[in-house]
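Please look over the sequence and the model shown here before reading the notes. They are arranged by topic, for a reader who wants the cut-offs stated alongside the values.

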Amino acid sequence: MGGQDKQGFAMKQGVLTNTRVRLLLDKGVSGCRGKAMRNGERKRKTVRGCIVSHDISVLNLMIVKKGEAEVEGLTDKFIPRRLGPKRANNIRKLFALSKQDDVRKFVIRREVPSKKEGAKPKSKAPKIQRLVTPLTLQRKRRRSALNKKTLVKNKALAAEYEKLIAQRNKEARDSRRASQSARKSLSKKESVKAAGSEKK
């Protein structure tokens with residue numbers, strides 16, 4: 001529902017006037033596509049009010065209720081759908097199939113006339129989406145097995161790394177203690193020598 005005036009300005013719901021108004025609109029709001037707009041930025045846009053006046057050139061309406069008589073060119077003829085459902089679950093829903101039935105046998109094919117004269121007409125069928133086959137299940141199992149393998153490998157690598165870090169830290173501590181003890185013993189020797197020289 002809605003419409004445009006003679007200059008192409010769209011009617012906006014909630015603007016209770018039959019004239020044009022300029023509103024500050026956010027990005028993504030009807031009447032403001034927000035091309036090259038930043039977050040939080042607003043632009044002043046011209047919109048037509050939602051009250052119908054003589055300036056309106058196009059009105060988009062929706063049939064809510066059908067009357068007794070047929071509307072010529074609209075409800076008096078039945079136009080079949082050109083294409084059937086494509087998704088596996090939608091095909092199942094259309095033909096009331098169970099999970100065990102093969103969906104591929106129920107795909108709606110459409111005939112395409114051949115360009116060459118006298119040749120047989122070809123038939124086209126859509127590629128079924130979200131179809132669970134043994135191959136897709138095998139791929140899923142392979143993916144999960146690879147994920148598990150990677151997880152185990154990463155855990156082992158992490159444990160090895162922790163072990164190496166602990167060993168390095170221990171070596172660093174031992175070398176620090178050795179250097180400290182060497183320094184202490186050297187300082188003791190120096191103090192003993194100094195005391196002996198003072199006595200002399």
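Predicted model: local features only at pLDDT ≥ 70, side-chain atom pairs only at ≥ 80, totals over all residues.

Residues are numbered from 1 along each chain as its sequence is written, and side-chain values use heavy atoms, with hydrogens and water left out.

**Confidence**

- The protein has a mean pLDDT (the predictor's confidence in each residue, from 0 to 100) of 91, and 99% of its residues reach 70 or more.
- Confidence is highest in strand E2 (residues 20-26), at a mean of 96, and lowest in strand E5 (residues 110-112), at 89; helices (H or I, at least four residues) and strands (E, at least two) are DSSP runs, numbered from the N terminus.

**Strands E1 and E4**

- Strand E1 (residues 2-5) has Gly3 and Asp5 on its covered face, while Gly2 and Gln4 form the uncovered one.
- E1 runs antiparallel to strand E4 (residues 56-60), to which 4 bridges join it, and two strands count as paired if DSSP finds at least two bridges between them.
- Within E4, isoleucine 56 is the residue that stands opposite aspartate 5.

**Helix H1**

- Ala88, Ile91 and Arg92 are buried in helix H1 (residues 88-95), where buried means under 20% relative accessible area, exposed over 50%, and partly exposed in between (1.4 Å probe, protein chains only).
- Seen down the axis of H1, the buried residues fall within an arc of 100°, so they line one face of the helix; the arc is that of the directions from the helix axis to the C-beta atoms.

**Arginine 48**

- Arginine 48 is found in strand E3 (residues 42-48), and it is buried, with a relative accessible area of 5%.
- A polar atom of the arginine 48 side chain lies 2.9 Å from the backbone oxygen of asparagine 18.
- Leaving aside neighbours within four places in sequence, the residues in contact (heavy atoms within 4.5 Å) with arginine 48 include Asp5, Asn18, Asp55 and Ile56.

**Cysteines**

- The count comes to 0 disulfides, a disulfide being a pair of cysteine sulfur atoms within 2.5 Å.
- The sulfur of cysteine 32 is 19 Å from the closest cysteine sulfur, that of cysteine 50, which is too far for a bond.
- Cysteine 32 is buried, with a relative accessible area of 3%, whereas cysteine 50 counts as partly exposed at 22% relative accessibility.

Note on methods: Polar contact = N/O pair within 3.5 Å; in protein donor to acceptor, adjacent residues only side chain to side chain.
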